[in-house]
Amino acid sequence: MKTNIYLRKTELKEEQKEMLVKKIDKLGKFFNDDAQTDIVVSEQRDKKIVEVTIRTIDMIYRAEERNDEVYDAADEIVEAISGRCGEKGNGAAGQSRAGR
């Protein structure tokens, strides 16, 4: 996955950016190498807002989370998008529904 980070009205240290990309790259197992990921980090009323958009050839996945910490928001986004990828019928989620 190709990943871009955009900052709006906030700043992150280089280590924070690397950790954020590392967390979001966990989603790479669901997508091809040609997927493009945009991460937007902003701040509003002392809350960090993390928006992630993943573009593939045939789908766009998007999630947004607000939290006091960027890392917690990133964890919630990884959970949300990985859950959506399971809904496509791949993996264990698709198998459990097939038996019904």
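Is Glu 79 buried or exposed, and what is its relative accessibility? In this predicted model, Glu 79 has a relative accessibility of 61% and therefore counts as exposed, since the cut-off for exposed residues is over 50%.

**Overall architecture**

The chain contains 3 helices and 4 strands. Their order along the sequence is β-α-β-β-β-α-α. Of the 100 residues in the chain, 33% are buried.

In soluble globular proteins, nonpolar side chains tend to be buried together. The largest nonpolar core here has 20 residues, and the members that touch the most others are Ile 24, Phe 31, Val 50, Val 52, Ile 54 and Ile 81. Two or more residues come to this core from each of helix H1 (14-24), strand S2 (36-44), strand S3 (47-55), strand S4 (60-67) and H2. The greatest contribution is that of H2, with 7 residues.

Helix H2 spans residues 70-87 and includes Glu 79. Ser 82 also lies in helix H2. The table sets out the accessibility of these two residues.

| Residue | Relative accessibility | Class |
|---|---|---|
| Glu 79 | 61% | exposed |
| Ser 82 | 24% | partly exposed |

Ser 82 is classed as partly exposed because its relative accessible area of 24% falls between the cut-offs of 20% and 50%. Along the chain, Ser 82 and Gly 28 are 54 residues apart, while their C-alpha atoms are separated by 9.9 Å.

**A charged patch on the surface**

Glu 79 also belongs to a patch of negative charge on the surface, where it gathers with Glu 69, Asp 72 and Glu 76.

Note on methods
Residues are numbered from 1 along each chain as its sequence is written. This is a predicted model: local features need pLDDT of at least 70, side-chain atom pairs count only at pLDDT 80 or more; totals for chains, interfaces and linings use all residues. Side-chain values use heavy atoms; hydrogens and water are left out. Patches are made of residues with over 30% relative accessible area and no salt bridge: like charges are joined within 9 Å, nonpolar side chains (Val, Leu, Ile, Met, Phe, Trp, Tyr) within 5 Å. Accessible areas come from the Shrake-Rupley method with a 1.4 Å probe; for residues, only the protein chains shown count as cover. A salt bridge is a side-chain nitrogen of Lys or Arg within 4 Å of a carboxyl oxygen of Asp or Glu. Lys and Arg count as positive and Asp and Glu as negative; His and the chain ends are not counted. The place of a charge is taken as NZ of Lys, CZ of Arg, CG of Asp or CD of Glu. Buried means under 20% relative accessible area, exposed over 50%, partly exposed in between (1.4 Å probe, protein chains only). A nonpolar core is a set of buried Ala, Val, Leu, Ile, Met, Phe, Trp, Tyr and Cys residues joined through side-chain atoms within 4.5 Å.
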